[in-house]
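Subject: Structure handover

Hello,

Here is the structure I promised to pass on. Please open it alongside this note. My findings follow below.

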Amino acid sequence: MRIIFIGPPGAGKGTQAEKIVSHYKLVHLSTGVMLRVAVAEKTEIGLQAEKYMSSGQFVPDDVIIGIISERLNAQDCKKGFLLDGFPRTLTQAAALDEMLQKNNTPLDIVLELKVPDDELFRRLAERGRDDDKPNVIHNRLAVYAEQTLPLLQYYAKQSLLKTIDGQGSINIIFERMKETLDKFI
Ligand code: ADP
């Protein structure tokens, strides 16, 4: 199964992604996690990415596309994957389409986890990660609306989009996900 998982910061994507990949035995490809590891290890990419992340901006497309294309070609991704945090722009989506076409591995579904803005703000303020300061949160939500929301239409046109209500308990949301994903196993 090949899944893209889209949702605004604070929607609970990370939590649900963990549950999905463990239940369906998929590889979890989270660009946020990859970048935070690169920052912690002070690699060249990490040093480059840090300034964007701390202000709530996106890391440049070519950097992210490079990271993902390398990772997607690895052997373990053959059994299926969940992309979490990528693509986030139309340029990234087009690059991904090209990679998947080349490998003859089309997507099964694009899941959107939907949560209202006031609830997102509340959750992010509570989480308190480095990039969860109020002005940075504001910026991340604005960048999401501007750059990532257009992807929903892009995937809806390909009849791949399924929107899931991201409010409720972790388990109830996971049940909603499974109802949709079970059709693809
Ligand atoms: P979120 O809480 O928004 O889901 P992530 O952990 O996915 O956060 O990502 C944290 C930060 O890493 C983003 O705000 C952004 O700066 C950077 N980042 C992650 N994925 C991408 C991407 N596909 N394109 C550009 N920047 C990215």
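One aromatic pair turns up in a search of the whole structure, which is a predicted model. The partners are Y154 and Y155. Their ring centres lie 5.0 Å apart and their planes stand at 85°, so the pair is edge-to-face. The cut-off for that label is over 60 degrees.

The charged end of K19 sits over the ring of F174, 5.1 Å from the ring centre.

Next, the salt bridges. The count comes to 11. These are the ones to look at.

- R71 and D76: their side chains meet in a salt bridge, at 2.8 Å from N to O. D76 is partly exposed, with a relative accessible area of 31%. R71 is also partly exposed, at 27%.
- E119 and R123: the closest N and O atoms of this salt bridge are 2.9 Å apart. Both residues lie in helix α6 (residues 117-127). They are four residues apart, about one turn of the helix. R123 is partly exposed at 22% relative accessibility. E119 is buried at 18%, because buried means under 20%.
- D165 and R176: the side chains meet at 3.9 Å, N to O. D165 lies in strand β5 and R176 in helix α8 (residues 170-181), so the pair ties together parts that are 11 residues apart in sequence. D165 is partly exposed, with a relative accessible area of 39%. R176 is partly exposed too, at 27%.

There is also a network. Salt bridges that share partners join R127, R129, D131, D132 and R140.

Now the strands. Which strands pair with β4? One is β1 (residues 2-6), which pairs with β4 in the parallel sense over four bridges. Within that pairing, V110 of β4 is the bridge partner of I4. Another is β5 (residues 161-165), joined to β4 by five bridges and also running parallel. There, L111 stands opposite K162 of β5. Is β4 mostly covered or mostly open? Strand β4 (residues 109-114) is mostly covered, with five of its six residues buried.

Best wishes

Conventions: Residues are numbered from 1 along each chain as its sequence is written. This is a predicted model: local features need pLDDT of at least 70, side-chain atom pairs count only at pLDDT 80 or more; totals for chains, interfaces and linings use all residues. Side-chain values use heavy atoms; hydrogens and water are left out. Buried means under 20% relative accessible area, exposed over 50%, partly exposed in between (1.4 Å probe, protein chains only). Helices (H or I, at least four residues) and strands (E, at least two) are DSSP runs, numbered from the N terminus. Two strands pair if DSSP finds at least two bridges between them. Rings of Phe, Tyr and Trp (its six-membered ring) pair if their centres lie within 6.5 Å; planes under 30 degrees apart count as stacked, over 60 as edge-to-face and the rest as tilted. A charge sits over a ring if NZ of Lys or CZ of Arg is within 6 Å of the ring centre and within 35 degrees of the ring normal. A salt bridge is a side-chain nitrogen of Lys or Arg within 4 Å of a carboxyl oxygen of Asp or Glu.
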